[in-house]
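Thanks for coming. I will go through one structure this morning, a piece at a time, and then stop.

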Amino acid sequence: MIWNKEMECADRETMRKVQLERLQEVVKYEYEHVPYYAAKMDKAGVRPEDIRTLEDIELLPFITKEDLAVNYPTGLFAAKMEDIVRIQSSSGTTGKPKIVGYTQRDMDDWAESVARGLTMCGIGKNDVAHISYGYGLFTGGLGAHAGAEAIGATVLPMSTGNTARQIMFLQDMKSDALCCTPSYALTIAEAVEKAGIKPEDLQLRAGLFGAEPWTQSMRNKIEKGLGIRAHDIYGLTEITGPGVSTSCIENNGMHVQEDLFYPEIVDPNTLKQLPMGETGELVFTTLRKQGMPMIRYRTRDICYLMEGKCACGRTTVRMSRVFGRTDDMLIVKGVNVFPSQVETVIAKFDELTLNYKILVDRKGNSDTIELMVEFADGLAIDDIEFVESMKKRVEHELRDSLQIGCKVRFLNAGTLPRSEGKAVRVEDRRKYE
Amino acid sequence: MAVKQVSIFLENETGRLADLTEILAENGIDLNAVTIAETGEYGILRCIVQNPEDAIKALAGKGFMASISDVLTVAIDNVPGAVNKVLQILADAGIGVKYIYSTIQSAKGEAAITMKTTDQERAENILTKAGIRLCEMEDLK
């Protein structure tokens, strides 16, 4: 089933027409209501009426998360506070959170996006939607909730935590769809196995997982452990929250709700638009938002876009999974390297853990990159040949993935310092004088 | 057969070995034998201690991965040719030696050697038949 055939299956020409009309409108609205962005446009020498075609979007200045920090808390709000019906928030770069305001129409559009996503995953009004994202300022819980209500599903607002109770509800309420972060889905899958419950004892058939990066091996474990089909749902608070794009049953990229969120891919260095299919930084323009519109917001996420009709019948542009973030991107020997690539390689080896550190340095005029990675705890090592052959295999896989040589150094389990919150994965010792 | 060996993975860094022996010393763990296999970057320290489980417990959570495996320790006379006698028997039987190191039988002041071979079970049988005495953990006290 398709939730909104008119928009999700529109031909290119119709979609572009809708997008242009909405782009012109939102740019004019932003110019009139957000002095900070109007000043940016003035500085760039562009006025709302200069946007005559979709291609003219390139004339517009970007909005970055630094702009959000400078305008904390509500400097980029375009609507009056009396028309803002909801605030959501996510962590910011400088310690101050990002604050996002929604009008009622913004809320309805957000629910519409998630509704399309859920429908794409085969979830409908007869299903029980088990929402285990956190509820609160984080967009995950309330976003998925609103979408599930919009399609008329039976909503279980579980929020996170109390895994034993989650499993009880999964069983007793016969949940059909699970919405949570992939890492929490994995926790639930492991607890289900521990409790001696077989996947076929659950009615669960689909999962919508997002809000954090995850690996193929995690996906396999979740799908097997819960007996479901796992879907990606993508979003970010600045743009709206989950539902900006979702992967359908074809699992061939995430369909972007492009009548609401206009995607571009730019080169993170030159900031020039890249042709369809090329990998770069994802940039979104909210085409209908009133509370806090985002014009050319740099997501920092690295991916590519795909055009063409999907086997599911939808014609919307699809985005690939996110390969990494420009914040994390390293340039080593002139090649872009993402910690996520390294992580994917590590995940292929049961003997290793995801406790690792990437060390970049410069010897003479040449960059060096080294991976320090901990062995899995409990691994019995009585053989130097084993260590040497592991080293060869991991270095080989890394070269395949990164296209440059990366030295591997193994560490005893538990020797890398643990940090609270986000781990520091990269140490760049290069000095540029 | 019952001599247990503890193997510990080591990053090749100055002081790393001392960190390890410090933990063993603090826990009163006596080394009957010790050897290191090494490459430029790593070492595997193999040792024989009276209570291997205690050693593993002492090292757990301290950044050392240790594991226990069975090895073959045989008593030998402290005379020239004694090691050769044992190795000749194994060679004749087509059994290879992966590693070998000397070991103390402290109670009796006799010598012993510890080995990992390509076929531990057969090595044990052949050596026993040839009148070579295999050590138990108690012999090494």
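This is a predicted model: local features need pLDDT of at least 70, side-chain atom pairs count only at pLDDT 80 or more; totals for chains, interfaces and linings use all residues.

α2 of chain B runs over residues 52-59, and Pro52(B), Ala55(B) and Leu59(B) are its buried residues to look at. Why do these three sit on the same side of α2(B)? They cover an arc of only 60 degrees around the axis, which puts them on one and the same side of the helix.

What does the buried side of α2(B) pack against? Its buried residues pack against four elements of chain B: β1 (3-11), α1 (16-26), β3 (42-49) and β4 (66-76). On the face turned away from that buried side, α2(B) carries Glu53(B) and Lys57(B), which are exposed.

Stepping back to chain B as a whole, there are four helices and six strands. Along the sequence, the order is β-α-β-β-α-β-α-β-β-α. Chain B has 141 residues, and 30% of them count as buried. If we take contacts in chain B between residues at least 6 apart in sequence, 69% of these join residues at least 24 apart.

Gln105(B) lies in strand β5 of chain B, residues 97-105. Is Gln105(B) buried or partly exposed? Gln105(B) counts as partly exposed, because it has 18 C-beta neighbours inside 10 Å, and a buried residue would need 20 or more. Leaving out residues up to four places away in sequence, Gln105(B) touches Ala75(B), Glu110(B), Ala111(B), Ala112(B), Cys135(B), Asp139(B) and Leu140(B). Ile76(B) is 29 residues from Gln105(B) along the chain, and their C-alpha atoms are separated by 9.9 Å.

Next, chain A, and two pairs of helices. Two packed helices are described by the angle between their axes and the distance between the axes.

The pair to start with is α8(A), residues 182-194, and α9(A), residues 216-226; their axes come within 9 Å and cross at roughly 40 degrees. These two helices are therefore oblique to each other. The crossing is left-handed. From α8(A), the contact takes in Pro182(A), Ala185(A), Leu186(A), Ala189(A), Glu190(A), Val192(A) and Glu193(A), and from α9(A) it takes in Met218(A), Lys221(A), Ile222(A), Gly225(A) and Leu226(A). By class, that gives eight nonpolar, one polar and three charged residues.

The other pair is α10(A), residues 339-347, with α11(A): the axes come within 10 Å and cross at roughly 140 degrees. Here the crossing is right-handed. Gln341(A), Val342(A), Thr344(A) and Val345(A) of α10(A) meet Val394(A), Glu397(A), Leu398(A), Ser401(A) and Leu402(A) of α11(A). Five of the residues in this contact are nonpolar, three polar and one charged.

That leaves the place where the chains meet. How many residues of chain A are in contact with chain B? There are 16 from chain A, in contact with 14 from chain B. On the chain A side, the elements giving two or more residues are α11 (384-402) and β20 (407-411). That side divides into nine nonpolar, three polar and four charged residues.

That is all I have for today.

Key:
Residues are numbered from 1 along each chain as its sequence is written. Chains are lettered from A and ligands numbered from 1 in the order in which they are written. Two residues are in contact if their C-beta atoms, placed from the backbone, lie within 7 Å. Ala, Val, Leu, Ile, Met, Phe, Trp, Tyr, Cys and Pro count as nonpolar, Asp, Glu, Lys and Arg as charged, and the others, Gly among them, as polar. A residue is buried if 20 or more other C-beta atoms lie within 10 Å of its own, exposed if 12 or fewer, and partly exposed in between; C-beta atoms are placed from the backbone. The arc is that of the directions from the helix axis to the C-beta atoms. Axes are lines fitted to C-alpha atoms, for helices over the stretch in contact, and angles run from 0 to 180 degrees between N-to-C directions. A crossing is left-handed if the near helix is turned anticlockwise from the far one by less than a right angle, and right-handed if clockwise. Angles under 35 degrees count as roughly parallel, over 145 as roughly antiparallel, 65 to 115 as roughly perpendicular and the rest as oblique.
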